Amino acid sequence: MKITVDEDKCCGAGQCVLVAPEVFDQRDDDGVVILLTPEPDPAEHAAVREAAAVCPAAAIAVGEGV
């Protein structure tokens, strides 16, 4: 799995951090997503998919096959 985030789309809702805090964080100044782990361990894959699904700005893209 490989994750990319579009910081320009991010609205700072923080849902990704709530769902997958090991993979996502937020900038202190504006709340924009920070990708901590672009290729997470398999144990995190379900949480990452959920984070992408609940992102109100659709700023998280998940690719398979990495």
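**Reading the model**

Tutor: Pro 21 is partly exposed, with a relative accessible area of 42%. Buried means under 20% relative accessible area, exposed means over 50%, and partly exposed is in between, with a 1.4 Å probe and protein chains only. Pro 21 sits in the loop between α1 and β2. Helices (H or I, at least four residues) and strands (E, at least two) are DSSP runs, numbered from the N terminus.

Student: What kind of model is this, and how are residues numbered?

Tutor: This is a predicted model, in which local features need pLDDT of at least 70, side-chain atom pairs count only at pLDDT 80 or more, and totals for chains, interfaces and linings use all residues. Residues are numbered from 1 along each chain as its sequence is written, and side-chain values use heavy atoms, with hydrogens and water left out.

Student: Which residues does Pro 21 touch, not counting residues up to four places away in sequence?

Tutor: Contact means heavy atoms within 4.5 Å. Leaving out residues up to four places away in sequence, Pro 21 touches Cys 16 and Leu 36. Between the C-alpha atoms of Pro 21 and Glu 39 there are 14 Å in space, and the two are 18 residues apart in sequence.

Student: Now a helix. Which residues of α2 are buried?

Tutor: They are His 45, Ala 47, Val 48, Ala 51 and Ala 52. Seen down the axis of α2, these buried residues fall within an arc of 160°, so they line one face of the helix. The arc is that of the directions from the helix axis to the C-beta atoms.

Student: What do the buried residues of α2 pack against?

Tutor: They pack against β1 (2-5), α1 (15-19), β2 (24-26) and β4 (60-63). One of the buried residues of α2 is His 45, with a relative accessible area of 14%. Leaving aside neighbours within four places in sequence, His 45 is in contact with Met 1 and Pro 40.

Student: Which exposed residues are on the face of α2 turned away from its buried side?

Tutor: That face carries Ala 46 and Ala 53. Helix α2 covers residues 45-54, and Ala 53 is in it. Ala 53 counts as exposed because its relative accessibility is 64%.

Student: What is a nonpolar core, and how many residues has the largest one here?

Tutor: A nonpolar core is a set of buried Ala, Val, Leu, Ile, Met, Phe, Trp, Tyr and Cys residues joined through side-chain atoms within 4.5 Å. The largest one has 17 residues, and those with the most contacts inside it are Ile 3, Cys 16, Val 23, Phe 24, Val 33, Val 48 and Ile 60. The elements that give two or more residues to this core are α1 and α2. Helix α2 gives the most, with 4 residues.

Student: Which residues does Val 33 touch, not counting residues up to four places away in sequence?

Tutor: Val 33 touches Val 5, Glu 7, Cys 10, Cys 16, Phe 24, Asp 25 and Gln 26. Glu 7 lies in the loop between β1 and α1 and is partly exposed, at 41% relative accessible area. Gln 26 belongs to strand β2 and counts as partly exposed, at 23% relative accessibility.

Student: How many cavities of 30 Å³ or more are there?

Tutor: On a 1 Å grid over the protein atoms alone, a cavity is a set of points where a 1.4 Å probe fits but cannot get out; lining residues have an atom within 4 Å of a point. Grid points are joined across faces, edges and corners, and a volume is the space filled by probe spheres set on the points. By this rule there is 1 cavity of 30 Å³ or more, and about 90 Å³ of space lies in the largest cavity.

Student: Which residues of its lining lie nearest the centre?

Tutor: Of the 13 residues in the lining, Cys 10, Ala 13, Gly 14, Cys 16 and Cys 55 lie nearest the centre. The lining divides into 10 nonpolar, 3 polar and no charged residues. Ala, Val, Leu, Ile, Met, Phe, Trp, Tyr, Cys and Pro count as nonpolar, Asp, Glu, Lys and Arg as charged, and the others, Gly among them, as polar.

Technical notes: On a 1 Å grid over the protein atoms alone, a cavity is a set of points where a 1.4 Å probe fits but cannot get out, and a pocket is an open set with protein on both sides within 12 Å along at least five of seven lines; lining residues have an atom within 4 Å of a point.
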